[in-house]
Each structure stands twice: as C-alpha cells, then as structure tokens.
Amino acid sequence: MSQTQNKQIVLNERPQRGPITDKTFRTETNEIKQPGEGEVLVKVEYVSIDPTMRGWLNDVRSYLPPVQIGAVMRATSIGRVIKSNDSNFKEGDLVFDSFGWQEYWTGPGKAIQKRVTPEGGRDIDHMGLYGLTGMTAYVGLFEIGKLEDGDHVVISGAAGAVGQIATQIAVAHPKCKVTAIAGSQEKLDYLKKLGAHNVLNYKDADFKKQFKAIDNIDVYFDNVGGEILDLALGQLNPYARIIACGAISAYNAEKPTPIYNYFNLVSMKSTMRGFIVLDHADKFKQGSEYLAGLVKENKLKADYHVTYGLDTCVNTLRDMFEGKNFGKTVVSLKDQKEQEEEGFGKSRL
Ligand SMILES: NC(=O)c1ccc[n+]([C@@H]2O[C@H](COP(=O)([O-])OP(=O)(O)OC[C@H]3O[C@@H](n4cnc5c(N)ncnc54)[C@H](OP(=O)(O)O)[C@@H]3O)[C@@H](O)[C@H]2O)c1
C-alpha cells in the first residue's frame, strides 16, 4: 500500500441555529493509523449523507451523542479491508460501519460488519435499498405504521431516500392508495413513475387547498414535520397511524412550527409513534428479503444521488436541505469514471 495519508473532514465548530456554515467543518490530512492486534485497516468507498447529521452537530441529548469538536464527522459507510490483523477478515472483504467522512478507517474488526453483495447486486445498495434507508421505510410502514390493505398512505419527503422506497412499498401493497409529497415538478414526475396515485408539491401557493382535497388519511409517513404534519393531523381517518420518522423542516429552523391539529389524535383515536431504525435490527433480515422480493417482481427500484470525492461531502449535505437530491444521497470515494460507466450518479429509473 503506497498511500500513507488519510484525508478527513472534522467538526470545526458547532453551527448556531440555522444551516451549517463554511466554518462548521475543516479538512485535515493525517498519517494513516496502522492496525494493531485484532484491528483492520479499511479503505472507505462510499459515505452516507443524511439529514440527521445536522442534529448530530448540536450539543443536545439525542439518540446518539453529539459529534465532538475536532472529531471526524460521523457517517455510515462502506469500504474494503486492505490490511487485517483480525482472523475474521481478509484483504478485499466488503465491510459496513460508521467509518465517517474520511478516506481510511482503522479499528477493531469486532466493531464492524462484513457484507456480501449478491451476484448481480451493487455494493451501493448496502447504503440505500438494503441499508438503513430501506430498513427505515420497511420498519416505518409495517412495524410503526401497521400498514393494512386498502389504506390511504400519505408520504412526505417522498422523492428522497426513505420516501422513494416507502412510496414504492405502499404502491405495491394490496389496494393501497398513495399520495406522495415533494418540492418540485421534476420530483412529482419521478413519483408518478414510481406509481404514486396522487402527487402534491408543498411549494405550490395553493398547497394547503390541494392537501384539503385529498381523501382522509390512514397512514401518514412523516419525513418533514412542521406544517405538513399539522395538515395531516387535521385530516385523519379514525384509527390512523402517523409514522414519526423525521422532521427535516425543523432541523435548520430558527424556531419550531406550531401544531394546531394535535387533538385529532384523540378524536380520531389515532396514534403517532416515533422510532429510530437502529433499534429494529431484529427486523432487518426480514426487511431485506421483503424488499428483494419487490425488486424481483419489478415493483421496486432504488435511485441514488451520487457525488464524487470527500471534498463534496459538506456541499452535498447542504444541498440536501435544498432538495437537490433524488433518492439516497451518497458520496463515492471511488474512481468517478469507473463509477459513471456503471451508471451511478444518473437516475436509474
Ligand atoms: N427515524 C429514523 O430512524 C430515520 C432514519 C433515516 C432517516 N430519517 C429521517 O427521514 C427523513 C428523510 O431522510 P432521508 O435520508 O430519506 O433524506 P432525503 O429525503 O433523501 O432528503 C431530504 C429531503 O427533504 C426535503 N426537504 C428539505 N427541506 C425540507 C423542508 N423544509 N420541508 C419539506 N421537505 C424538505 C428535500 O426534498 P424536497 O425537494 O421534496 O423538498 C430533500 O431532498 C429525514 O427527516 C430523516 O431525518 C429517520
């Protein structure tokens, strides 16, 4: 191995309320740490970009501790073992963990997971379709949302990573009707291609009026919180289920959006339940098999928004808050030309 330096993006300072700034992160180059006994050295190939990263930058109590100042930015990742002092791993093994925004990771083999890509599959699917993204959509709809035949399912953030998979699962479910919400005409066209029965652009001036014209809701898959959540609360069927998956509209907000329709949870005997996908690892095997089944039946496709090189991580995260991604957002640290030849970075739908 000729490479000796490891480029890393570390947290430089915590952003105040609002979006990340040019000072939030800084790039460092350090010597690659050689693996000790029981350790492996991993060359990172893909790093994830997720809305939740904004929350990890705040010094508050949450489902994971905040990223510390000076620490490598946390990110789930896929890589290949290039040196191993752990008998369970050999050079070339594909591995998954939170390797972070850096080119190389060194640490104990027992802390990371080996992954095998099935023949004809793509390594990138460990980040999206069969990764936490796909599992969030699956667990959200079935474990939290208790999806039933014939439900009217409304999904916000529907053209994003979790949203696109949730949309397709709901479309494939017997007799369900799916209303998908996103922020541009291009995304609405994409959602129609995914099979959504009804599509709404939340940026339209008359969005509220359009929303009020849809049928009452059995399942609301909430990726965005805020005003859209409030509208959904105002339009529940009895025994509706709200899947509190995320609230991207709040992550950069100066102050929370008021919720006026809360009492409908009582009058419509409905439930709203939050969840963190990491707590549902016991369902991942079942979830992967379910999604693979839909893929086989040609009812599910995963789209990726890929940028190239570690230097793109920060702007790609910013862009996500402006809705520039379709599907799962991933930064590839692999050779761009080689990847483009494989079809990455272009819509695969
Ligand atoms: N609970 C869990 O375990 C879990 C796991 C994974 C993700 N999540 C949550 O699920 C949600 C989706 O995550 P993802 O990874 O799939 O991200 P994503 O949907 O791929 O990307 C975020 C999308 O949110 C939309 N957006 C941005 N600002 C918005 C705003 N102010 N109002 C409405 N929409 C806005 C943008 O699309 P538009 O163009 O449509 O605006 C953007 O493309 C996030 O809230 C995330 O935190 C939760």
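A polar side-chain atom of Lys 187 lies 2.7 Å from an oxygen atom of the ligand, a polar contact being a pair of N or O atoms within 3.5 Å, where within protein one atom must be able to donate a hydrogen and the other to accept it, and residues adjacent in sequence count only if both atoms are side-chain atoms. This is a predicted model, in which local features need pLDDT of at least 70 and side-chain atom pairs count only at pLDDT 80 or more, while totals for chains, interfaces and linings use all residues. Residues are numbered from 1 along each chain as its sequence is written, and side-chain values use heavy atoms, with hydrogens and water left out.

| Residue | Protein atom | Distance to a ligand oxygen atom |
|---|---|---|
| Lys 187 | polar side-chain atom | 2.7 Å |
| Tyr 202 | polar side-chain atom | 2.4 Å |
| Asn 223 | polar backbone atom | 2.8 Å |

The protein covers 89% of the 910 Å² of accessible area that the ligand has on its own, areas of this kind coming from the Shrake-Rupley method with a 1.4 Å probe, and for residues only the protein chains shown count as cover. Two or more residues of the shell around the ligand come from each of α3 (161-172), α7 (248-251) and α10 (313-321), where helices (H or I, at least four residues) and strands (E, at least two) are DSSP runs numbered from the N terminus. The largest share of this shell, 3 residues, is given by α7. Around the ligand there are 25 residues, of which Lys 187, Tyr 202, Tyr 251, Val 277 and Asn 325 come nearest; a residue counts as near if one of its heavy atoms lies within 4 Å of the molecule or strand in question.

The chain is assigned a domain 1 (5-128 + 302-341) and a domain 2 (132-280 + 288-295), with bounds that come from an automatic or database domain assignment. Taken over C-alpha atoms, the centres of domain 1 and domain 2 are separated by 28 Å, and 18 residues of domain 1 are in contact with 17 residues of domain 2, contact meaning heavy atoms within 4.5 Å.

In the largest nonpolar core, which has 49 residues, Leu 141, Val 153, Ile 155, Ile 169 and Leu 191 touch the most other members. Such a core is a set of buried Ala, Val, Leu, Ile, Met, Phe, Trp, Tyr and Cys residues joined through side-chain atoms within 4.5 Å, and buried means under 20% relative accessible area, exposed over 50% and partly exposed in between, with a 1.4 Å probe and protein chains only. Helix α2 (residues 132-144) gives the largest share of this core, 7 residues. Because domain 1 and domain 2 both give residues to this core, it lies between them. Apart from it lies another core, of 29 residues, among them Ile 20, Trp 56, Leu 57 and Val 95.

Where does Thr 24 lie? Thr 24 is found in the loop between β1 (5-11) and β2 (25-31), and it is buried, with a relative accessible area of 0%. The side chain of Thr 24 reaches the backbone nitrogen of Thr 21 at 2.8 Å.

Ser 332, which lies in strand β15 (residues 328-332), also counts as buried, at 0% relative accessibility. Its side chain reaches the backbone nitrogen of Lys 334 at 3.1 Å.
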